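Subject: Structure for your review

Dear colleague,

Please find below the structure I would like to hand over to you. My findings follow directly after it.

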Amino acid sequence: MAPVVARARSRPGATALVLVLVLAYSWVAGHFSTFTRPAEVATFIPGAIGVAVAIRARRPSTVRPDRSRSGWLAWWLIVVAVTVVEVLALVLGANHDHPTISDLVNPWLDPTPARALWFALWLGFGYWLSRR
Amino acid sequence: MSLSRDLIIAVYVAVVLAVVVLAVAAHRDGTRLASLADVFGRLSARRFGRVAVTFGWWWLGWHFFVR
C-alpha cells in the first residue's frame with residue numbers, strides 16, 4: 001500500500017486514481033451488513049495490508065522533541081475519561097440508560113451512504129496512522 | 001431520557017470537544033502541546049507499538065463494520 005501511495009503523491013493523476021479506488025471500495029463495503037461474510041472480507045483485507053505495512057515499515061518516529069509533560073497529560077486524561085465512562089456503561093449493563101460508544105454510534109452506520117463514508121474515513125485514518 | 005444516559009452522553013460530547021480543542025491548540029505556533037500526530041508517532045516509535053496501533057485500528061473497523 002505504502003509504495004503505491006508514495007508514487008501517487010508525486011503524480012496528481014495517480015493520487016486521484018488511488019482516491020477513486022478507495023472511495024469505490026468503501027462504497028461497495030458500505031453495502032455489506034454486519035455479521036456477514038462479505039463484511040468480514042471487506043474489513044479483513046485493508047486490516048491485513050495495514051498490519052503487513054506496519055511490520056515491514058522502517059519509518060523513523062515523527063514525534064517533535066519539545067513537547068511539554070502537560071501537553072502529553074491532556075491526551076492521557078482524555079483516554080482515561082473515555083475508558084472510565086465506557087467501562088462504567090458496560091458494568092451497568094450497556095443498555096438504553098447506560099449506552100456505550102457503540103450503542104450511540106451504530107445508528108449512524110446504518111444507511112449505506114453513511115456506512116460507506118465511515119468506511120472511507122476508517123481507511124483514511126489507517127493510512128494516516130501508517131505515516132506516523 | 002434518563003439522567004444517567006444524559007450524563008454519559010454529555011461526557012462523550014465533552015471528550016469529543018476536548019479532542020477537537022486540543023488538536024487545534026496543538027497546531028498553534030509556539031505551543032508545546034502534543035498533537036494527535038505526536039501521540040500516535042510516539043506510540044508508533046517502535047515496531048511493537050506500530051503494530052499494536054495498527055491492530056487497534058483494525059479492531060475498530062472490525063467492531064463497527066463486522067460485529
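In this predicted model, A:V41, A:F44, A:I45 and A:I49 make a nonpolar surface patch of about 330 Å². One of these residues, A:I45, belongs to helix α3 of chain A, which covers residues 37–56.

In α3(A), the buried residues are A:A39, A:E40, A:A42, A:T43, A:P46, A:G47, A:G50, A:V51, A:V53 and A:A54. The length of α3(A) agrees with expectation, because its 20 residues should span 28 Å at 1.5 Å a residue and its end C-alpha atoms are 28 Å apart.

Elsewhere in chain A, A:R131 is found in the segment after α6 (112–130). Is A:R131 buried or exposed? With a relative accessibility of 17%, A:R131 counts as buried, because the cut-off for that class is under 20%. Along the chain, A:R131 and A:A42 are 89 residues apart, and 22 Å separates their C-alpha atoms. A:A42 is itself among the buried residues of α3(A).

Turning to chain B, its secondary structure consists of three helices and zero strands, giving the pattern α-α-α along the sequence. The radius of gyration of chain B is 16 Å, whereas a compact globule of 67 residues would have one near 11 Å. The C-alpha trace of chain B spans about 45 × 40 × 15 Å along its principal axes. Of the 67 residues in chain B, 42% are buried. Chain B has an accessible surface of about 4000 Å², and carbon and sulfur atoms account for 71% of that surface.

Helix α1 of chain B runs over residues 3–25 and has 23 residues. From its first C-alpha to its last, this helix reaches 32 Å, close to the 33 Å expected at 1.5 Å a residue. Its buried residues are B:R5, B:I8, B:Y12, B:V15, B:L22 and B:A25. Which helices of chain A do the buried residues of α1(B) pack against? They pack against α4 (69–91) and α5 (101–105) of chain A.

Yours sincerely

Notes:
Residues numbered from 1 in each chain as written. Chains lettered and ligands numbered in written order. Predicted model: local features only at pLDDT ≥ 70, side-chain atom pairs only at ≥ 80, totals over all residues. Heavy atoms only, no water. Helix = DSSP H or I, 4+ residues; strand = E, 2+ residues; numbered from the N terminus. Rg over C-alpha atoms; globule rule 2.2 N^0.38 Å. Buried < 20%, exposed > 50% of the residue type's maximum accessible area, 1.4 Å probe, protein only. Areas by Shrake-Rupley, 256 points an atom, 1.4 Å probe, with all protein chains shown as cover. Patch = residues over 30% accessible without salt bridge, like charges linked within 9 Å, V, L, I, M, F, W, Y side chains within 5 Å. Salt bridge = Lys/Arg side-chain N within 4 Å of Asp/Glu carboxyl O. Expected span 1.5 Å × (residues − 1). Contact = heavy atoms within 4.5 Å.
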